[in-house]
Amino acid sequence: MSELVKVVVDAMGGDYAPEVPVKGAVDALNERKEIFVYLAGRKEMVEKELAKYEYPKDRLEIVEASEVIETAEPPVAAIRSKKDSSIVVGQTLLRKQQADAFVSSGSTGAVLVGGQVIVGRIKGVERAPLAPLIPTAKGASLLIDCGANVDARPSHLVQFAKMGSVYMENIAGVKRPKVAIVNIGAEEEKGNALVKETFPLLKECKDIQFIGSIEARDIPAGDADVIVCEAFVGNVILKLYEGVGATLISQIKKSMMSNMRSKLGAALVKPALKETLKTFDISAHGGAPLLGLKGLVVKTHGSASAEQIKNALFQCEQFKRQDVTGKIREHIVV
């Protein structure tokens with residue numbers, strides 16, 4: 001049996017904590033024998049949830065964390081003042097190398113600040129980007145950055161492209177991933193100052209396969225494997241993606257139930273439609289890793305399901321097995 005991959009799950013993070021994080025962790029343990037889970041949170045509440053399930057007790061441990069960082073709290077102040085919060089306790093285990101990864105559905109700001117301050121960046125990494133996999137017609141693309149660095153510089157985006165390429169090659173299995181920068185047109189001379197300055201640097205970078213600019217409308221088609229942008233643009237793309245997807249599904253369901261004829265048609269197409277929609281389910285890809293840190297930090301949506309938490313743990317296992325942190329370190333030259 002291979003060495004266990006140890007993952008800390010923030011049991012108090014997210015809209016449905018501790019129920020959902022605990023269930024996701026238990027489901028992961030029951031499906032994979034190579035994972036060990038630390039559940040960081042209020043012991044009494046976590047134990048109450050665990051009592052509902054059967055699971056391998058030798059591969060799970062509760063780590064007491066009496067405090068919870070709420071979503072509305074200022075992240076820096078919360079990380080400094082709530083030393084016994086599930087986020088700080090969990091990321092401290094990662095910093096001390098007692099765990100290989102940390103997964104949280106809690107406050108995005110606190111998770112990002114903790115990742116930078118507690119876990120720390122790999123030497124040479126200027127900024128750590130948040131990088132979710134987003135569904136496309138060809139599978140999935142990595143959107144980097146989607147929320148961590150709203151004031152990025154050209155050198156940051158070049159590093160994002162390198163880290164994103166390493167991730168896609170080792171986690172998604174894409175050989176020589178195609179890298180593109182988000183722009184308002186395909187022409188090289190278009191874009192704002194940041195894009196114009198970054199474009200030639202990406203063009204000269206030998207570590208990546210740069211294909212030029214990509215417009216937002218071409219992202220869902222899967223024209224690029226790694227989509228590079230600063231966090232403001234990336235977050236707008238991600239939120240629009242989620243909003244349009246939810247609206248389309250809602251409208252399709254509404255139309256299918258509008259009359260008897262459409263209901264009969266819905267019954268016929270339901271199996272095929274279900275399979276198609278499954279490919280666009282973002283939860284299947286786990287969470288968004290904060291790349292470039294000394295240890296793996298994964299942020300899942302605040303409303304993440306147990307399925308997404310489970311898949312985030314599988315994602316952590318693969319990240320560790322493929323030594324993505326080590327490979328990113330090799331590609332970042334100081």
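Which residues does Thr198 touch, not counting residues up to four places away in sequence? I looked this up before anything else. Thr198 touches Pro154, Leu157, Val158 and Ile181, where contact means heavy atoms within 4.5 Å.

**Ground rules**

I am working on a predicted model, in which local features need pLDDT of at least 70, side-chain atom pairs count only at pLDDT 80 or more, and totals for chains, interfaces and linings use all residues. Residues are numbered from 1 along each chain as its sequence is written, and side-chain values use heavy atoms, with hydrogens and water left out.

**Entry: helix α7**

I placed Thr198 in helix α7. Helices (H or I, at least four residues) and strands (E, at least two) are DSSP runs, numbered from the N terminus. Thr198 has a relative accessible area of 0%, so I put it down as buried. My cut-offs: buried means under 20% relative accessible area, exposed over 50%, and partly exposed in between, with a 1.4 Å probe and protein chains only.

Then I took the rest of the helix. Helix α7 covers residues 193–204, and Leu194, Val195, Thr198, Phe199 and Leu202 are buried there. Seen down the axis of α7, these buried residues fall within an arc of 125°, so they line one face of the helix. The arc is that of the directions from the helix axis to the C-beta atoms. Ala193, Lys203 and Glu204 are exposed on the other side of α7. What do the buried residues of α7 pack against? I found α6 (154–170), β7 (178–182) and β8 (209–214).

**Entry: helix α2**

Helix α2 spans residues 43–50, and its buried residues are Val46, Glu49 and Leu50. They fall within an arc of 100° seen down the axis of α2, so they line one face of the helix. I noted Glu44 and Lys48 as exposed residues on the face turned away from the buried side. The buried residues of α2 pack against α1, β2 (35–41) and β3 (60–64).

**Entry: Val26**

I moved on to helix α1, where Val26 sits. Is Val26 buried or exposed? Its relative accessible area is 1%, so Val26 is buried. Leaving out residues up to four places away in sequence, Val26 touches Leu50, Tyr53, Glu54 and Tyr55. Val26 and Ser155 are 129 residues apart along the chain, and their C-alpha atoms are separated by 41 Å.

I looked for cis peptide bonds. One joins Ala17 and Pro18, with omega about 0°. Pro18 is in the loop between β1 (5–10) and α1 (19–31). Another cis peptide bond joins Ile144 and Asp145, with omega about 20°. Asp145 belongs to the loop between β6 (139–144) and α6.

Next I checked phi. Gln97 is not a glycine, yet its phi is positive, at about 60°. I found Gln97 in the loop between α4 (86–95) and β4 (101–104). Its relative accessible area is 73%, so Gln97 is exposed. How far apart in space are Gln97 and Gly295, C-alpha to C-alpha? I read 8.1 Å, for a pair 198 residues apart in sequence.

Arg176 is also not a glycine, and its phi is positive, at about 50°. Arg176 lies in the loop between α6 and β7. With a relative accessible area of 48%, Arg176 is partly exposed.

**Entry: the whole chain**

The protein has eleven helices and eleven strands. Its C-alpha trace spans about 65 × 60 × 45 Å along the principal axes. For 334 residues, a compact globule would have a radius of gyration near 20 Å, and the protein agrees, with 20 Å. That radius is taken over C-alpha atoms, and the globule rule is 2.2 Å times the number of residues to the power 0.38.

Of the 334 residues, 51% count as buried. Among contacts with a separation of 6 or more, 71% come from residues 24 or more positions apart. The accessible surface is about 16,000 Å², and 54% of it belongs to carbon and sulfur atoms. I used the Shrake-Rupley areas with a 1.4 Å probe.
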